[in-house]
Amino acid sequence: MAGRLVVLGGGAAGMSAASAARRVDPELEIVVLETTGFAAAGLCGLPYHLAGLVPQAEDLVAYPPSFFRERRGIDLRLGTEVLGVDADRRLVHHDGGPPLQYGALVVATGGRPATIPLPRPADRPGFVVRTVEDTVALRALVDGGGVRRALVIGAGYIGLETAEALTARSVAVTVAERIDRVLPTTVDPEIAAVVEEHVRTHVDLRLGTDAIPLAADRSLDVVVTCTGVRPAAGLLADAGARTGPGGAVLVDDRMRTSLPGVWAAGDCVAPYHRVLGAPAFVPLGPTANKTGRVAGTVAAGGDARFAGIVGTAVVKVFDLEVARTGLTLAEARTAGLPAIAADVVSRSRAKYYPGVRPLHVRVVHEPGGRLLGAQFVGTEGAAKRVDVVATALHAGLSVDDLADLDLSYAPPYAPVYDPVITAALAAQRETAAAP
């Protein structure tokens, strides 16, 4: 490919794109511009660094900057802010020097945290757990004994992970959520209720609560805002690229945007959702890596396609595993699908085997038997069982197909009828009873 490849963003998607491009074209000039001081950092590990489970921030980095520069021949420029993209002239304006001319551009600017204006004393810091630098600063305060009471705003998965991390450091935590349940965009209310009961045994949980009055409490040592992520798609939107759900950039299966010579990947895009049959904004690490690889491969002259997502995620909430894939019942109905749900409480192991725990399962489906999604919650057995349903969704299997799967059995790991099968059988009964 003639010309220079410029990649905006040095996160999972950006560095995957740059590395994939290098594999396609060993001679291609590749420049990566990254705003922060870190590249290829595992942002999903930030709460575990805060908790002290990951000792050093550098442990979150896949490779040091020198690896990309010296081993892969990538011109990685940290601490460089991109100011704008001129798609007509194929220029990137940035604060590190003259504009960069590109032959191909991959935009992997990720997501930006949603924030709310909060009153706080001038001497009390506020944080958003989104960058390595922000988390390192918060951890330093905790390590120094300067955080005894904390307010975490938001009871989504980032908020609950942050609350768990601070609780592990002996911080008294209040979690405030404006909606009346935990994990409001992740699971349905019936599953959220199980999680809520467990969370209340660890923190002061305030649901349906405006956080602004709470943030004014002068006895708080720190406030951490975890109110969701939005696509950081402004650079491309301003350049004229088409956008879709949540303002995310629209791309095809080769990660091409509507602008010539411009690809996009990661948390700033809305990839194809295989269950919805339409683009969806679902910012997750595996998708960032995969879409980055496709974007970089194609931008460098190779060929690759992204097969789409089904929205699979799992989160550790104190002692619980909470997992989902596909659509929740609420999401399916919002999309206009005739969805119903089957709920079961199964067992993680054979009932006579020591350590058996309850596992709550919800299967979402259409009355005709089309599988739409599933949710799991329990102290064990949820995190990887969700992958069975994710595979079924990717393959277009029905509820009947799910019930027919030949899944493994041994008393330490599963009952004879695995919880996935038990839930599928319940969904079959729901389907038979549907008018």
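Modeller: A crossing is called left-handed if the near helix is turned anticlockwise from the far one by less than a right angle, and right-handed if clockwise. This is a predicted model, where local features need pLDDT of at least 70 and side-chain atom pairs count only at pLDDT 80 or more, while totals for chains, interfaces and linings use all residues. Residues are numbered from 1 along each chain as its sequence is written, and side-chain values use heavy atoms, with hydrogens and water left out.

Biologist: So in which sense does H1 pass H9?

Modeller: H1 passes H9 in a right-handed crossing, helices being DSSP runs of H or I with at least four residues and strands runs of E with at least two, numbered from the N terminus.

Biologist: Which residues of H1 and H9 make the contact?

Modeller: Counting heavy atoms within 4.5 Å as contact, H1 contributes residues including Ala-13, Ala-17 and Val-24, and H9 contributes others, among them Gly-292 and Gly-296.

Biologist: Changing topic, in what order do the 3 strands of the open sheet come?

Modeller: The order is S4-S5-S6 with antiparallel pairing, where two strands pair if DSSP finds at least two bridges between them. Strands S4 (82–86) and S6 (100–101) stand at the edges with a single partner strand each, so one side of each has no neighbour in the sheet.

Biologist: And what stands opposite Leu-91?

Modeller: Leu-91 stands opposite Gln-101 in S6, and strand S5 (residues 91–94) pairs with S6 over 2 bridges.

Biologist: How many helices and strands does the protein chain have?

Modeller: The protein chain has 13 helices and 24 strands.
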